[in-house]
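Here are some friendly notes to read alongside the structure. Keep the 3D view open and find each residue as you come to it.

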Amino acid sequence: MSFTAPTKSCQLAGQHIKIISNVAADAILDAHEAVGLWASNDNQILLHTKMDADHKGQTYCHEIVHGILYIMGKEELSKDEPFVDLFGHLLYQVLKTAK
């Protein structure tokens, strides 16, 4: 099974999450030197254009982990980028290899 990151929206704990993919040279992403961003105030995930499908999928999962932790009230854990990054990579692997 292959996994493709959603390009429009998803649901998280009953909340609508808007996905803005293919963000080019966005000031927020460039300021954070990131290719993705969880925007908690707007319930949005921003994904940069300069990624292949695997990188975009991993980045989506990384940002979804930020969203999950935020909604769970675990904002301090959400700031632990190594934890979020590893969790996102593992989640992506599960989604991509599920049969």
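1. Let us begin with strand β4. β4 is mostly covered, as five of its five residues are buried. Gln44, Leu46 and His48 point one way from β4, while Ile45 and Leu47 point the other way, and all are buried. Please keep in mind throughout that this is a predicted model.

2. Where does β4 sit in its sheet? Four strands make up an open sheet, in the order β1-β2-β4-β3, and their pairing is mixed. β1 (9-12) and β3 (36-39) stand at the edges with a single partner strand each, so one side of each has no neighbour in the sheet. On average, and ignoring direction, neighbouring strands here are turned by 20° against each other.

3. Now look at the two strands beside β4. With β2 (residues 15-23), strand β4 (residues 44-48) pairs in the parallel sense over four bridges. Ile45 in β4 is the bridge partner of Ile19, and Leu46 in β4 has Ile20 opposite it. With β3, the strand runs antiparallel, and four bridges join the two. On this side, Leu37 has Leu46 of β4 as its bridge partner, and Ala39 has Gln44 of β4.

4. The link between β3 and β4 deserves a look too. These strands form a hairpin with four residues between them, and Asn43 takes a positive phi near 50° there. Asn43 also turns up among the residues that Ile17 touches beyond four places in sequence.

5. Is β3 covered on one face or on both? Both faces are covered: Gly36 and Trp38 on one side are buried, and so are Leu37 and Ala39 on the other.

6. The structure holds two aromatic pairs. In the pair of Trp38 and Tyr70, the ring centres are 6.2 Å apart and the planes meet at 55°, so the pair counts as tilted. Because Trp38 lies in strand β3 and Tyr70 in helix α2 (residues 53-71), the pair ties together parts that are 32 residues apart in sequence. Tyr70, with a relative accessible area of 31%, is partly exposed.

7. Which residues have the most contacts inside the largest nonpolar core? They are Cys10, Ile17, Ile19, Ile45, Leu47, Tyr60 and Ile64, in a core of 14 residues. β1, β2, β4 and α2 are the elements that give two or more residues to this core. The largest share, three residues, comes from α2.

8. Finally, visit His62, which lies in helix α2. With a relative accessible area of 10%, His62 is buried. Its side chain is joined to that of His66 by a polar contact of 3.1 Å. What does His62 contact once its neighbours within four places in sequence are left aside? The residues are Glu81, Val84, Asp85 and Gly88.

Note on methods: Residues are numbered from 1 along each chain as its sequence is written. This is a predicted model: local features need pLDDT of at least 70, side-chain atom pairs count only at pLDDT 80 or more; totals for chains, interfaces and linings use all residues. Side-chain values use heavy atoms; hydrogens and water are left out. Two strands pair if DSSP finds at least two bridges between them. Axes are lines fitted to C-alpha atoms, for helices over the stretch in contact, and angles run from 0 to 180 degrees between N-to-C directions. Rings of Phe, Tyr and Trp (its six-membered ring) pair if their centres lie within 6.5 Å; planes under 30 degrees apart count as stacked, over 60 as edge-to-face and the rest as tilted. Buried means under 20% relative accessible area, exposed over 50%, partly exposed in between (1.4 Å probe, protein chains only). A polar contact is a pair of N or O atoms within 3.5 Å; within protein, one must be able to donate a hydrogen and the other to accept it, and residues adjacent in sequence count only if both atoms are side-chain atoms. Contact means heavy atoms within 4.5 Å. A nonpolar core is a set of buried Ala, Val, Leu, Ile, Met, Phe, Trp, Tyr and Cys residues joined through side-chain atoms within 4.5 Å.
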